[in-house]
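Please read them with the coordinates open.

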Amino acid sequence: MASISYSKIFSGLRLLTSHPVRHFGKVKSFLCRDTYGTYDIIKAPGHVSASGNIPPHIKTPSHWPHGRPQPSPTEIEIKNEAQIEGVRQASAIAREVLNEIGKTVEVGITTEELDKIAHHFIIGKDSFPSPLQYRSFPKSICTSINNVVCHGIPDDRPLQRGDIISVDVTVYHGGYHGDCCETWCLEGTDEQGQHLVHHAREARDKAIALCGPGVCLGRIGEACEYVARAAGLSIVEVFIGHGIGSYFHGPPDIYHFANDDYTVMKPGMTFTVEPILSQSAKGVVILEDGWTAMSLDEARAAQFEHTVLITEHGHEILTAYTE
């Protein structure tokens, strides 16, 4: 689950001040829409059902059940072997969850059903779905379809032909979090959608390939932006990667656009790389639920994410593919 870059909030996150956010579905009527392909435009969230239950034996993070997490570290944490193993185990379970969801993502299933599948799977691993009630997020995973940029809340809308869907999973296990995201193209996705998804994954992978001790964090953003620009796409700058450990979000901030962050990567750092690529550079709007981010001009977006560990000789992808 991405953090928000408050340094970019007024350049990347655009709210239409003369129109309340709750009227976003009406605002679109006067926007000049480019040709982004053929797909169903999400105009407003559907019905959101009650959250999943948490059995009493499950170890819970600091934000449960009130929604307020404890303060994150103020400096980048260099983890010891026990802490690294904790993040590694949580990340492995997060990958298992995405693998399970990948088996069921198809036309006709609702994102609410995907949330239930993920929730039950996570509980079955004696783990906690980190997004649940985090700053009042009401569900166990994020599901973002087509022009929903990120942090979509699972609801009763069935997936349709031509949809692309990003599913963001974070798991809390043994006192540590692990975080990853995938975007799938459903049957009938047009060439523009496939192009977007392909290059979103490429941006993440090329950025991670540069990671290692002595490398500046800014290289991650350079790589992501290079891929996006070369593909005729843009980076959604306002959403960033983050440090992760016993805390959900913490330092360092990981920017996915070209920047001058000369902070050097060191062995023991763990953080997420999670670029969101968009067909447009016209910004996003946050809906009244406080979470759902939608593109201003109905362009599609796609996101891929891994949790990464910096090692003595390079990096380890803690949410690496297993299937």
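Leaving aside its neighbours within four places in sequence, which residues is Ser234 in contact with?

1. Contact here means heavy atoms within 4.5 Å, and on that basis Ser234 touches Ala228, Ile276, Leu277, Ser278, Ser280 and Ala281. This is a predicted model, in which local features need pLDDT of at least 70 and side-chain atom pairs count only at pLDDT 80 or more, while totals for chains, interfaces and linings use all residues. Residues are numbered from 1 along each chain as its sequence is written, and side-chain values use heavy atoms, with hydrogens and water left out.

2. Ser234 is found in strand S7 (residues 234-235), strands being DSSP runs of E of at least two residues and helices runs of H or I of at least four, numbered from the N terminus. With a relative accessible area of 11%, Ser234 is buried (under 20% relative accessible area, 1.4 Å probe, protein chains only), and a polar atom of its side chain lies 2.4 Å from the backbone oxygen of Ser280.

3. Strand S5 (residues 164-173) pairs with S6 in the antiparallel sense over 10 bridges, where pairing requires that DSSP finds at least two bridges between the strands. Asp168 has Cys181 in S6 as its bridge partner, and the hairpin formed by S5 and S6 has 2 residues between the strands, with Gly174 in the turn showing a positive phi of about 60°.

4. Strand S6 (residues 176-185) is largely enclosed by the rest of the structure, because 8 of its 10 residues are buried.

Methods. Buried < 20%, exposed > 50% of the residue type's maximum accessible area, 1.4 Å probe, protein only. Polar contact = N/O pair within 3.5 Å; in protein donor to acceptor, adjacent residues only side chain to side chain.
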